[in-house]
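Let's take a walk through this structure, stopping at a few spots along the chain. Have a look first, then read on.

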Amino acid sequence: MFREFYSTTNRHISTPILLVLSLFIIFSSTLFGQQSSNLDSLTAIWTDTTIDEDVRLDALVDEIQCRWNIGEYEKGLTMAAYIIEIDADNSHPHYRSFYFIAQGIQQRSTNLDSSILTLLYAVKITNNTGYELGRANAYLSLGVSYLRNDNLTLATSSLDSAHAISFISENYDMLVVRAWALQKLGVVQKARANHVVSDSSKYLNYYRNSLKVFKSIQHNIGIFQNLVELGSFYTFNDVNYLKALGHYKKAEYIPLPEDHFLWIRLYKLIAPIHHYHENYEACLKYNFKALKLAKHHKDSYWINTIHLDIGEQYMYMKQYDKAIEYAHIVLDNAIITNDESEEAWAYALYADIELAKGDYTHSLTHAKKALKLWDGLGGDDYGVSRSNLTMGRAYNKLGNYNQAAYHCEISYKDYNYWADKSRELQSCHCLYEAYKGLEQANKTLYYLERIRSLEEELKPLETTRLLQQREFENKILNDSLKQVQLNFQRDLAHGVEIKQKNQSRNIAIGIGATILLFALGLWNRLTHIRKSKALLEEKNKLIEIEKERAEASELAKQQFLANMSHEIRTPMNAIQGMTNILLRRNPSADQIEYLDGIKQSSDSLLAIINDILDLSKIEAGKITVEHIPFSVQDVMQNVRTIMHFKAEEKGLKLNTVFKDENLHVIGDPSRLSQILINLVGNAIKFTEKGLVSMTVSIEQRTNEQTSVHFCVSDTGIGIDPDRIDKIFDSFEQAYVDTSRKFGGTGLGLSISKKLVSLQNGRIWVKSEKGIGSEFHFTIPYDVPSSSDINIAAADAERNVTEPLLGARILLVEDNTFNAIVAQEELQDAIKGVVIDTAENGAIAVELLKAKPIDVILMDVQMPVMNGYEATQKIRNLTSPKSKTPIIAMTANVMKEEIDRCFEAGMNDFIGKPFDITQLLHKLNEAITPSKTTDSL
């Protein structure tokens, strides 16, 4: 009814509406065309030699930035050379930064090291001039170069800097830099996910935030690329083709030029989705679209790749003549360009087509040619495996079962290694037929069982594929029905409009009045929406303010913890170190009593500081878990060695029970030791007489994983049932007088629980008041190989001090007491050690130039020149001494400080107060390679 009403009266209200729409369109067109007009006017300014130099440079840099923003990168890079021509006297360094940025970008394709050096110089220039847009662009370009060089840590640091600088400004150019920085950070996170267990939320959030910024400034290229990246995630990581296609379809509606290079990648991502759902016609359609663009851009790689894909599609459609036609095109192109890799792929496609046709002899001939070419090129693993499978199937058809078995064994091992279950199943079928033909019953039976096993494994995947295919087909059908419905409604509305043209003028006036009332109502509604929107914006501002306050509070907390750690741990290093030295100097009996008191008090204070820092790291998600082979029995024995003195002081017996000897696993021995020390320390603290026991057993074991069960029991005071739920909370203890009576912060159990959870384990307690407590926890560990166990055992037996004999160490430390402690500890531990000292980084650099040094122990916070600056100066030396190992020694053990040390070029890190055994291990690791190099 409403549709008929609207159609009838449309001509009576069209005049004012069309007038408004016309003005809007004219205004929009003006804005759209303004970019091109601005570029022309800017060009006119900077090319006019009669105009002031500052004005010309302003116009030139503005045009370069505009061209980068609209995707005309090459033109912008070319124009940057004119900056040097205009600024011949080098009086405008902030403008010249754009020249060096352009040079660095252009060098990426030929020499990444030169690119990075050039962009570092651009960063240096912009840091000195304070030109924020130039700084942001320099850091962004540097981050991309580091990313191309696979240096993910420095890439992250540079891109974070670009994002941070651009965040302070809301102008268009800065917003573009911010969006690109976010997108590239997403690329970095995606690259990291290829090396570890994938955490897709990290890089998905970067892409989504980047997309949000690009949308806010209507930057079509950025919107397009982020939609394609999101679609790519759902294609390859989530295997959700409907979601992927949704993002690709949104990208298709972005108004980029029809011949833009970016369309090729989009079409090549959409095509396989249609292939997966066996919609070969649609797959071909998108491949032909991509081929047209590849030819337009004269990109030989894409042209050959797409020809191969089209040939393969025709093969699946059993149109073998067309398939061979496209394989022949690739072969001709490869021979002309002398591209042996493309030639090999063409022969591989020929072989597959002929196998499908039943021409087994020619299939073998072409597969052999492909293998020969790949062997000459050093091998293409996937191509070699594919051709071996093709040859095996062809030999089976020809009755040559020995050759069939030989080639299919190769492909089977490759696909099994890559976990390509579908191709592995094809290889198994081929091997089953070959060994059946050879009448080798054992192998025939083995591969028959393997076929059944793989088919069972693939059943869920095939079910998922069929369900997705049905959803995919339903979506296409629904889209078609909607389009038919829209066409029908449009035709119907048009017919009604023609019919209603004959109605009388009086009815039209009445309807016009109704429309006027409707317009008034609409106006009121719009006014209400505007008010609601204003209120919402106000609330959003308040929310943003609160969010900033929360972030500032968290930052202040982290800064306070860092400062507290540094200021307390620095003197604590001297106290502990000098106490240990005095204890080794054969003191008298009454002196030992006092020294032990100092040692115990400082250990307790350091434990409290470490607990607070550990809890802060865990809550901030900045704690990492190692993944190395170790012996559970060794960790338990080490904990017993550490804790048995405390037990003896109270007259307690400390037992360890191993239900499984020589238990080796892959995980984090340090975190396990920390958990056990917390639990055993608690047990000793709350037990006046009796014993404390540590027990370990295997709860569950598979070929890949072992779940290990630990138990720490005591005969102490026990816990009431109503208090058990609270003991794992931070700063909580079982009773209000516990801290006063027994000491501690109430963080040990909280940290233990969080550390167990970080390792995918669980922790619980059983306790009875007055009888004792049992703390249980389980952690699933990976099972190591025999080689991992042997390496770990060899490392444990290695004498760490032997390679350090006569070592030449430079100690850089501004605190006199800490310098004395380090010197005394090292001289007691290493025979013939030579130690030079420097009270700041500047002195250290000069000493290194003048003397032979094996390793440097570098404090971080020092006057004159700090540890970071000194490290960078050493790394910039032109002599071999630039590679001298540097180990940071600092009282600030926060993750940000550690990361900063590595970014500055240091090799390792140890916190103060330091453990001499740990320091010796780190010195061994640092010095041994450099001595080996010297001897060579």
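Is arginine 452 buried, partly exposed or exposed? Arginine 452 is partly exposed, with a relative accessible area of 46%; buried means under 20%, exposed over 50% and partly exposed in between, using a 1.4 Å probe and protein chains only. Before going on, note that this is a predicted model, where local features need pLDDT of at least 70, side-chain atom pairs count only at pLDDT 80 or more, and totals for chains, interfaces and linings use all residues. Residues are numbered from 1 along each chain as its sequence is written, and side-chain values use heavy atoms, leaving out hydrogens and water.

Arginine 452 has a partner: glutamate 449, with the closest N and O atoms 3.3 Å apart in a salt bridge (a side-chain nitrogen of Lys or Arg within 4 Å of a carboxyl oxygen of Asp or Glu). Both sit in helix H22 (residues 441–500), 3 residues apart, or about one turn of the helix. Helices here are DSSP runs of H or I with at least four residues, strands are E runs of at least two, and both are numbered from the N terminus. Glutamate 449 is partly exposed too, at 42%.

Now for lysine 912, whose side chain meets glutamate 813 in a salt bridge (2.5 Å, N to O). This pair links distant parts of the chain, 99 residues apart. Lysine 912 also meets aspartate 859, at 3.4 Å from N to O, and here the separation is 53 residues. Lysine 912 and glutamate 813 are both buried, and so is aspartate 859.
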